[in-house]
Protein chains: 2
Amino acid sequence: MEALLAYLKQVHPLSKEAENALLEICSVETVAKNEDLQPIGHTCRNIYFIKEGLLRIYYLKEGNDITESFEVENAILARADSLFDASPSRKGIQAIEPTTVIAINSAQLFALYDQYHDIERLFRKLFEKAYVQTVNRLESLQFYTAEERYNNLVKSAAQIIQRAPLKHIASFLGITQVSLSRIRSKK
Amino acid sequence: MEALLAYLKQVHPLSKEAENALLEICSVETVAKNEDLQPIGHTCRNIYFIKEGLLRIYYLKEGNDITESFEVENAILARADSLFDASPSRKGIQAIEPTTVIAINSAQLFALYDQYHDIERLFRKLFEKAYVQTVNRLESLQFYTAEERYNNLVKSAAQIIQRAPLKHIASFLGITQVSLSRIRSKK
């Protein structure tokens, strides 16, 4: 749990008591390669911290499997619509590599807010960051071409290019694998 | 300010003291029809409550003016990227009708969080709602056709269809005005 605590501390410090209360509602889950951590249509009841591995958020459109994002170790992952709305998510979470996550039960977490103001503040800040990321993702679709998005991926997360299958990178960029090869060969 | 307080009360109740502190950092602004409340490239330093009128969030893509969303009275409006990131927003806010907003200064608001836990909680909940709306907007672009999005607009906000110019509704749906007329004539 140390990696989780170190990550959280960067966002907002917790008292020892709050830290212990938080750890009590955490559990470790492992997902095999190509298995779903959450299938499409599932209502998300956890916030995940990725301890080790690589996940992708994906959805189906007209039968095609589209990768929306890649999520690597030392990051928080949650499906906001599902968490705050209690509605089934149209997107699934799948492991690209064998992955270990720490799952934080959201109902229990939200209950802790009343007791520990610092936990509420920490997760307020975390969700604000996630909110900004979602706005940026929307803008990336609105403003950038596939090639620009590929370059952004190389800049911000070059390791994804090495670790994720080409088909997922291509669907993430909204192009075919052939077009992706063309972009890559230019570099 | 009564409309604002009534709106906020639905989200989370405030003590009288917190309410007064909040009102002190609010100011009323009016925007004439077709004028910008915030131009593109501006760093958003306010959260707005729309008291009266109709606004749109818009951006430019390859010289075309695209409407991202419509925002009517009795709603909160903020540019999350700009607020939490202090970065200039790629999107502007423009009045479609003469509009009156209540502006809440974000730096002053965030400072109140330390003094008034209920204000922090209220705005945490407000931003969680806004976060879910952004996720839904992204999914609406990913999953729905223009016709489905038109039908959703009629269902969720029929008055927009009456109040907003066709060109803005068409760019919101990502289609030409001719295609929009075709969809409308089917109803």
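These legends describe close-up views of a predicted model.

**View 1. The interface of chain B and chain A.** In this predicted model, 32 residues of chain B are in contact with 32 residues of chain A. The two chains bury about 3400 Å² between them, and carbon and sulfur atoms account for 57% of that area. Polar contacts between chain B and chain A join 23 residue pairs, with both residues at pLDDT 80 or more.

**View 2. The side of chain B that touches chain A.** Three elements of chain B each supply at least two residues of this side: strand 4 (54-61), helix 3 (80-85) and helix 5 (117-143). Helix 5 of chain B gives the largest share, 18 residues. Sorted by class, the side of chain B that touches chain A holds 14 nonpolar, 4 polar and 14 charged residues.

**View 3. Salt bridges across the interface.** The rule finds 10 salt bridges between chain B and chain A, and the count over all chains comes to 28. Side chains of opposite charge can pair when their charged atoms come close. One of the salt bridges joins the side chains of A:Glu120 and B:Arg124, with an N to O distance of 2.8 Å. The side chain of A:Glu120 also meets that of B:Arg121 in a salt bridge, at 3.0 Å from N to O. This pair crosses between chains, since A:Glu120 lies in helix 5 (residues 117-143) of chain A and B:Arg121 in helix 5 of chain B.

**View 4. The crossing of helix 6 and helix 8 of chain B.** The axes of helix 6 (residues 146-163) and helix 8 (residues 177-186) of chain B come within 11 Å. They cross at roughly 75°, so helix 6 of chain B is roughly perpendicular to helix 8 of chain B, as angles of 65 to 115 degrees count as such.

**View 5. Residues in the contact of helix 6 with helix 8 of chain B.** Helix 6 of chain B contributes B:Ala146, B:Glu147, B:Tyr150 and B:Ile161. From helix 8 of chain B come B:Leu180, B:Ile183, B:Arg184 and B:Lys186. The residues of this contact divide into 5 nonpolar and 3 charged, with no polar ones.

Definitions and conventions. Residues are numbered from 1 along each chain as its sequence is written. Chains are lettered from A and ligands numbered from 1 in the order in which they are written. This is a predicted model: local features need pLDDT of at least 70, side-chain atom pairs count only at pLDDT 80 or more; totals for chains, interfaces and linings use all residues. Side-chain values use heavy atoms; hydrogens and water are left out. Contact means heavy atoms within 4.5 Å. Buried area is the accessible area (1.4 Å probe) that two parts lose on being put together, summed over both. A salt bridge is a side-chain nitrogen of Lys or Arg within 4 Å of a carboxyl oxygen of Asp or Glu. A polar contact is a pair of N or O atoms within 3.5 Å; within protein, one must be able to donate a hydrogen and the other to accept it, and residues adjacent in sequence count only if both atoms are side-chain atoms. Helices (H or I, at least four residues) and strands (E, at least two) are DSSP runs, numbered from the N terminus. Ala, Val, Leu, Ile, Met, Phe, Trp, Tyr, Cys and Pro count as nonpolar, Asp, Glu, Lys and Arg as charged, and the others, Gly among them, as polar. Axes are lines fitted to C-alpha atoms, for helices over the stretch in contact, and angles run from 0 to 180 degrees between N-to-C directions. Angles under 35 degrees count as roughly parallel, over 145 as roughly antiparallel, 65 to 115 as roughly perpendicular and the rest as oblique.
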